[in-house]
Amino acid sequence: MTANTQIRAKRKATRRRRFLIIAAVLLAASPFVAWCAARLLIVKADVQSPDAIVVLSGSSTYVERAAWAAQLYGEGRAPVIVLTNDGLISGWDRLEERNPYYYELSTRRLEQQGVPADRIQLAPGQALGTYEESLLVRDYATAHNLKRLLIVTSGYHSRRALWSMRRACEGSGIEVGIDSAPPGWQTPSPWAWWRKRWGWKIVGGEYVKMIYYWVKY
(Lines give C-alpha, C1' and ligand atoms only; values in the text may rest on other atoms or scores of the structure.)
Protein backbone atom coordinates (compact mmCIF):
# COMPACT_ATOMS: atom_id res chain seq x y z
CA MET A 1 0.00 0.00 0.00
CA THR A 2 1.43 3.36 -1.04
CA ALA A 3 1.69 6.36 1.26
CA ASN A 4 -1.06 8.19 -0.68
CA THR A 5 -3.36 5.20 -0.38
CA GLN A 6 -2.77 5.04 3.37
CA ILE A 7 -3.51 8.75 3.73
CA ARG A 8 -6.76 8.42 1.77
CA ALA A 9 -7.79 5.43 3.88
CA LYS A 10 -7.10 7.33 7.09
CA ARG A 11 -9.09 10.34 5.86
CA LYS A 12 -11.99 8.09 4.89
CA ALA A 13 -11.96 6.42 8.31
CA THR A 14 -11.86 9.85 10.01
CA ARG A 15 -14.84 11.08 7.99
CA ARG A 16 -16.72 7.90 8.83
CA ARG A 17 -16.05 8.36 12.56
CA ARG A 18 -17.15 12.00 12.41
CA PHE A 19 -20.34 11.03 10.62
CA LEU A 20 -21.10 8.34 13.20
CA ILE A 21 -20.43 10.75 16.07
CA ILE A 22 -22.67 13.44 14.58
CA ALA A 23 -25.41 10.89 13.87
CA ALA A 24 -25.19 9.58 17.44
CA VAL A 25 -25.38 13.11 18.88
CA LEU A 26 -28.38 13.97 16.72
CA LEU A 27 -30.11 10.75 17.65
CA ALA A 28 -29.48 11.33 21.34
CA ALA A 29 -30.68 14.93 21.10
CA SER A 30 -33.80 14.23 19.04
CA PRO A 31 -36.13 13.62 22.04
CA PHE A 32 -35.07 16.94 23.55
CA VAL A 33 -35.52 18.76 20.23
CA ALA A 34 -38.96 17.17 19.85
CA TRP A 35 -39.85 18.22 23.41
CA CYS A 36 -38.78 21.80 22.68
CA ALA A 37 -40.87 21.86 19.49
CA ALA A 38 -43.93 20.72 21.42
CA ARG A 39 -43.38 23.05 24.38
CA LEU A 40 -43.02 26.08 22.10
CA LEU A 41 -46.65 25.61 21.06
CA ILE A 42 -47.92 25.78 24.64
CA VAL A 43 -48.52 29.23 26.09
CA LYS A 44 -50.34 30.67 29.07
CA ALA A 45 -51.42 34.27 29.50
CA ASP A 46 -53.13 35.49 32.64
CA VAL A 47 -56.06 37.88 32.69
CA GLN A 48 -57.28 39.42 35.91
CA SER A 49 -60.85 38.64 37.01
CA PRO A 50 -62.15 37.30 33.68
CA ASP A 51 -65.82 37.82 32.92
CA ALA A 52 -66.07 34.42 31.23
CA ILE A 53 -64.20 31.23 30.49
CA VAL A 54 -64.42 30.46 26.76
CA VAL A 55 -63.98 26.84 25.72
CA LEU A 56 -62.96 26.55 22.07
CA SER A 57 -64.40 23.73 19.97
CA GLY A 58 -62.43 20.55 19.42
CA SER A 59 -64.16 17.26 18.77
CA SER A 60 -61.11 15.08 19.46
CA THR A 61 -60.16 16.91 22.66
CA TYR A 62 -63.49 18.15 24.04
CA VAL A 63 -63.15 15.99 27.18
CA GLU A 64 -59.88 17.55 28.36
CA ARG A 65 -61.03 21.05 27.47
CA ALA A 66 -64.32 20.69 29.33
CA ALA A 67 -62.56 19.15 32.33
CA TRP A 68 -60.04 21.98 32.50
CA ALA A 69 -62.75 24.62 32.14
CA ALA A 70 -64.76 22.98 34.94
CA GLN A 71 -61.68 23.02 37.17
CA LEU A 72 -61.08 26.71 36.50
CA TYR A 73 -64.76 27.45 37.16
CA GLY A 74 -64.57 25.50 40.42
CA GLU A 75 -61.60 27.65 41.44
CA GLY A 76 -63.78 30.72 41.00
CA ARG A 77 -61.87 32.09 38.02
CA ALA A 78 -65.01 33.30 36.19
CA PRO A 79 -68.79 33.30 36.75
CA VAL A 80 -69.79 31.72 33.40
CA ILE A 81 -68.50 29.35 30.75
CA VAL A 82 -69.09 30.08 27.07
CA LEU A 83 -68.99 27.29 24.48
CA THR A 84 -68.78 27.48 20.72
CA ASN A 85 -70.28 25.18 18.11
CA ASP A 86 -68.13 23.89 15.27
CA GLY A 87 -71.07 22.02 13.76
CA LEU A 88 -69.55 18.57 14.27
CA ILE A 89 -71.67 15.73 15.59
CA SER A 90 -70.61 12.71 17.62
CA GLY A 91 -71.54 9.05 17.42
CA TRP A 92 -75.00 7.62 18.00
CA ASP A 93 -76.48 8.12 21.46
CA ARG A 94 -78.84 5.24 22.22
CA LEU A 95 -80.56 7.07 25.08
CA GLU A 96 -81.38 10.16 23.02
CA GLU A 97 -81.61 8.20 19.77
CA ARG A 98 -79.64 10.79 17.84
CA ASN A 99 -76.12 12.05 17.19
CA PRO A 100 -75.41 14.88 19.65
CA TYR A 101 -73.27 17.85 18.72
CA TYR A 102 -69.91 17.97 20.43
CA TYR A 103 -70.82 21.21 22.18
CA GLU A 104 -73.69 19.26 23.76
CA LEU A 105 -71.25 16.63 24.98
CA SER A 106 -69.08 19.41 26.40
CA THR A 107 -72.11 20.80 28.21
CA ARG A 108 -72.82 17.40 29.74
CA ARG A 109 -69.23 17.08 30.89
CA LEU A 110 -69.30 20.49 32.50
CA GLU A 111 -72.52 19.72 34.34
CA GLN A 112 -71.19 16.35 35.49
CA GLN A 113 -68.21 18.16 36.99
CA GLY A 114 -70.29 20.59 38.96
CA VAL A 115 -70.93 23.54 36.66
CA PRO A 116 -74.61 24.65 36.97
CA ALA A 117 -76.56 24.54 33.71
CA ASP A 118 -77.46 28.22 33.96
CA ARG A 119 -73.74 29.09 34.10
CA ILE A 120 -73.08 27.53 30.69
CA GLN A 121 -73.74 29.63 27.59
CA LEU A 122 -73.47 28.96 23.88
CA ALA A 123 -72.19 31.58 21.47
CA PRO A 124 -74.45 31.65 18.40
CA GLY A 125 -73.10 30.84 14.97
CA GLN A 126 -70.85 28.09 13.68
CA ALA A 127 -67.10 28.08 14.25
CA LEU A 128 -65.51 27.01 10.97
CA GLY A 129 -61.90 27.54 12.05
CA THR A 130 -59.90 29.05 14.89
CA TYR A 131 -59.80 32.57 13.49
CA GLU A 132 -63.47 32.52 12.47
CA GLU A 133 -64.24 31.15 15.93
CA SER A 134 -62.31 34.05 17.45
CA LEU A 135 -64.46 36.53 15.53
CA LEU A 136 -67.59 34.73 16.73
CA VAL A 137 -66.37 34.91 20.35
CA ARG A 138 -65.48 38.59 19.95
CA ASP A 139 -68.96 39.41 18.68
CA TYR A 140 -70.59 37.45 21.49
CA ALA A 141 -68.41 39.15 24.10
CA THR A 142 -69.21 42.57 22.67
CA ALA A 143 -72.95 41.87 22.67
CA HIS A 144 -72.84 40.70 26.30
CA ASN A 145 -70.38 43.33 27.55
CA LEU A 146 -67.68 40.80 28.41
CA LYS A 147 -64.42 42.69 28.64
CA ARG A 148 -62.00 40.02 29.89
CA LEU A 149 -61.95 36.49 28.51
CA LEU A 150 -60.03 33.43 29.65
CA ILE A 151 -59.66 31.02 26.73
CA VAL A 152 -59.48 27.27 27.32
CA THR A 153 -58.22 24.94 24.61
CA SER A 154 -55.73 22.10 24.21
CA GLY A 155 -52.08 22.79 24.95
CA TYR A 156 -50.67 22.50 21.43
CA HIS A 157 -53.46 24.69 20.08
CA SER A 158 -52.89 27.44 22.64
CA ARG A 159 -50.32 29.60 20.81
CA ARG A 160 -52.37 29.83 17.61
CA ALA A 161 -55.59 30.27 19.59
CA LEU A 162 -54.17 33.15 21.62
CA TRP A 163 -52.77 34.81 18.50
CA SER A 164 -56.12 34.43 16.71
CA MET A 165 -58.17 35.76 19.63
CA ARG A 166 -55.95 38.78 20.17
CA ARG A 167 -55.87 39.48 16.45
CA ALA A 168 -59.66 39.27 16.22
CA CYS A 169 -60.14 41.46 19.31
CA GLU A 170 -57.80 44.26 18.25
CA GLY A 171 -59.51 47.60 18.87
CA SER A 172 -62.49 46.02 20.64
CA GLY A 173 -61.34 46.74 24.18
CA ILE A 174 -61.55 43.02 25.02
CA GLU A 175 -58.65 41.59 27.02
CA VAL A 176 -57.73 37.97 26.32
CA GLY A 177 -55.86 35.41 28.39
CA ILE A 178 -55.41 31.68 27.94
CA ASP A 179 -55.05 28.68 30.22
CA SER A 180 -54.84 25.44 28.25
CA ALA A 181 -55.41 21.87 29.33
CA PRO A 182 -52.07 20.12 29.94
CA PRO A 183 -51.09 17.64 27.20
CA GLY A 184 -50.85 13.94 27.91
CA TRP A 185 -54.53 13.04 28.21
CA GLN A 186 -56.29 13.32 24.85
CA THR A 187 -53.12 14.69 23.28
CA PRO A 188 -49.62 13.13 23.38
CA SER A 189 -47.05 14.26 25.91
CA PRO A 190 -44.25 16.60 24.76
CA TRP A 191 -41.75 13.76 25.19
CA ALA A 192 -43.59 11.18 23.11
CA TRP A 193 -45.58 12.91 20.36
CA TRP A 194 -43.01 12.21 17.63
CA ARG A 195 -43.32 8.45 18.09
CA LYS A 196 -46.87 8.33 16.75
CA ARG A 197 -48.36 9.37 13.42
CA TRP A 198 -51.19 11.26 15.13
CA GLY A 199 -48.57 13.12 17.18
CA TRP A 200 -47.06 14.46 13.97
CA LYS A 201 -50.53 15.46 12.86
CA ILE A 202 -51.20 17.35 16.10
CA VAL A 203 -47.81 18.92 16.79
CA GLY A 204 -46.22 19.04 13.35
CA GLY A 205 -49.50 20.05 11.74
CA GLU A 206 -49.88 22.91 14.20
CA TYR A 207 -46.73 24.58 12.88
CA VAL A 208 -48.10 24.38 9.34
CA LYS A 209 -51.38 25.94 10.49
CA MET A 210 -49.57 28.72 12.35
CA ILE A 211 -47.62 29.69 9.23
CA TYR A 212 -50.83 29.65 7.20
CA TYR A 213 -52.56 31.88 9.75
CA TRP A 214 -49.70 34.38 9.86
CA VAL A 215 -49.79 34.66 6.08
CA LYS A 216 -53.57 34.79 5.69
CA TYR A 217 -54.62 36.90 8.68
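A pocket is an open set of grid points with protein on both sides within 12 Å along at least five of seven lines. The model described here is predicted.

## The largest pocket

In this model, the largest pocket holds about 660 Å³ of space. Its lining counts 26 residues, and Gly58, Ser60, Arg65, Arg160 and Lys209 are the closest to the centre. Two elements give two or more residues to this lining: α4 (130-143) and α6 (197-216). Helix α6 supplies the largest share, with seven residues. Sorted by class, the pocket lining has twelve polar residues, seven nonpolar and seven charged.

## The cavity

Rolling a probe the size of a water molecule over the atoms shows where empty space is left. How many cavities of 30 Å³ or more does a search of the whole structure find? The search finds one. The volume of the largest cavity is about 100 Å³. Its lining has 13 residues, and the closest to the centre are Ser57, Gly58, Thr84, Tyr103 and Ser106. Helix α3 (residues 102-112) gives the largest share of the cavity lining, three residues. By class, six residues of this lining are nonpolar, six are polar and one is charged.

## Helix packing

Two packed helices are described by the angle between their axes and the distance between the axes.

| Pair | Angle | Axes | Crossing |
|---|---|---|---|
| α5 and α6 | about 15° | 10 Å apart | left-handed |
| α4 and α5 | roughly 45° | within 8 Å | right-handed |
| α2 and α3 | about 40° | 9 Å apart | right-handed |

Take α5 (residues 158-168) and α6. Their axes lie 10 Å apart, at an angle of about 15°. Angles under 35 degrees count as roughly parallel, so α5 is roughly parallel to α6. From α5, the contact uses Arg159, Arg160, Trp163 and Ser164; from α6, Glu206, Lys209, Met210, Tyr213 and Trp214. By class, the residues of this contact are four nonpolar, four charged and one polar.

Next come α4 and α5. Their axes come within 8 Å and cross at roughly 45°. That angle makes α4 oblique to α5. The crossing is right-handed. Helix α4 brings Thr130, Tyr131, Ser134, Leu135, Val137 and Arg138, while α5 brings Arg160, Ala161, Ser164, Met165, Arg167 and Ala168. The contact divides into six nonpolar, three polar and three charged residues.

The crossing of α2 and α3 is right-handed. Which residues meet in this contact? Tyr62, Val63, Ala66, Ala69 and Ala70 of α2 face Tyr102, Leu105, Ser106, Arg109 and Leu110 of α3. Eight residues of the contact are nonpolar, one is polar and one is charged.

Note on methods. Residues numbered from 1 in each chain as written. Predicted model: local features only at pLDDT ≥ 70, side-chain atom pairs only at ≥ 80, totals over all residues. Heavy atoms only, no water. 1 Å grid on protein atoms, 1.4 Å probe; cavity = no way out; pocket = protein on both sides within 12 Å on 5 of 7 lines; lining within 4 Å. Points joined across faces, edges and corners; volume = space filled by probe spheres on them. Helix = DSSP H or I, 4+ residues; strand = E, 2+ residues; numbered from the N terminus. Nonpolar A, V, L, I, M, F, W, Y, C, P; charged D, E, K, R; others polar. Axes fitted to C-alpha atoms, helices over the stretch in contact; angles between N-to-C directions. Parallel < 35°, antiparallel > 145°, perpendicular 65-115°, else oblique. Left-handed = near helix turned anticlockwise from the far one by under 90°. Contact = heavy atoms within 4.5 Å.
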